[in-house]
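Please look over the model below before reading on.

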Amino acid sequence: MSGATKKFDAGRLAQVLVEPIISEKATAVAEKHNQVLFKVLRDATKPEIKAAVELMFKEQKVEVAAVRTVVQKGKTKRFGRSIGRRDHVKKAYVSLKAGQELNFSGEAA
């Protein structure tokens with residue numbers, strides 16, 4: 001859906017995806033539901049995330065079926081006597097269309 005990428009600024013879309021989340025839970029979700037997890041900007045919207053994924057992985061011809069987001073609250077941590085807090089993190093569960101996968105190494109599978 002190239003119409004979605006035209007609505008947004010390409011510079012903004014390049015910043016929306018902070019990093020992919022690679023963990024045991026993320027791998028299990030990827031295998032079971034054909035989803036990929038990303039850490040995204042806190043003010044990113046679902047249409048922006050969809051457009052950013054399709055733009056960043058354009059050479060792999062990735063099509064996004066759906067995007068779900070969750071804001072994970074930052075943990076309270078102690079630093080000696082003082083108590084601090086980690087930043088809140090917004091995660092995006094990006095569902096890919098059937099038969100598609102994302103390759104982070106940049107090589108075509």
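Predicted model: local features only at pLDDT ≥ 70, side-chain atom pairs only at ≥ 80, totals over all residues.

Student: How is the aromatic pair of Phe38 and Phe57 classed, by the angle between the planes?
Tutor: The structure holds 1 aromatic pair, and in this pair of Phe38 and Phe57 the ring centres are 6.3 Å apart, with 40° between the planes. Planes under 30 degrees apart would count as stacked and planes over 60 as edge-to-face, so the angle of 40° makes the pair tilted.

Student: Which parts does that pair tie together, and how many residues apart in sequence are they?
Tutor: Phe38 and Phe57 are both buried. Phe38 belongs to strand β2 (residues 35–40), whereas Phe57 sits in the loop between α4 (46–56) and β3 (64–72), so the pair ties together parts whose separation in sequence is 19 residues.

Student: Which residue in the hairpin of β4 and β5 takes a positive phi?
Tutor: Strand β4 (residues 76–79) pairs with strand β5 (residues 82–85) in the antiparallel sense, over 4 bridges, and Phe79 has Ser82 in β5 as its bridge partner. The hairpin has 2 residues between the strands, and the residue with a positive phi, near 70°, is Gly80.

Student: Lys91 is buried yet has no salt bridge; how far away is the nearest side chain of opposite charge?
Tutor: Lys91 is placed in strand β6 (residues 89–96), and its side chain is joined to that of Gln72 by a polar contact of 3.3 Å. A salt bridge would require a nitrogen-to-oxygen distance within 4 Å, but the nearest side chain of opposite charge, that of Glu19, is away from Lys91 by 10 Å.

Student: Is Ile21 buried or exposed?
Tutor: Ile21 lies in the loop between β1 (17–20) and α3 (24–33), and its C-alpha atom is separated by 6.4 Å from that of Lys39, 18 residues apart along the chain. Because its relative accessible area is 18% and the cut-off is under 20%, Ile21 counts as buried.

Student: How does Pro47 count at 45% relative accessibility?
Tutor: Pro47 lies in helix α4, and its C-alpha atom is separated by 9.7 Å from that of Lys7, 40 residues apart along the chain. Exposed requires over 50% and buried under 20%, so at 45% Pro47 counts as partly exposed.

Methods
Residues numbered from 1 in each chain as written. Heavy atoms only, no water. Phe/Tyr/Trp six-rings, centres within 6.5 Å; stacked < 30°, edge-to-face > 60°. Buried < 20%, exposed > 50% of the residue type's maximum accessible area, 1.4 Å probe, protein only. Pairing = 2+ DSSP bridges. Lys, Arg positive; Asp, Glu negative; His and termini not counted. Polar contact = N/O pair within 3.5 Å; in protein donor to acceptor, adjacent residues only side chain to side chain.
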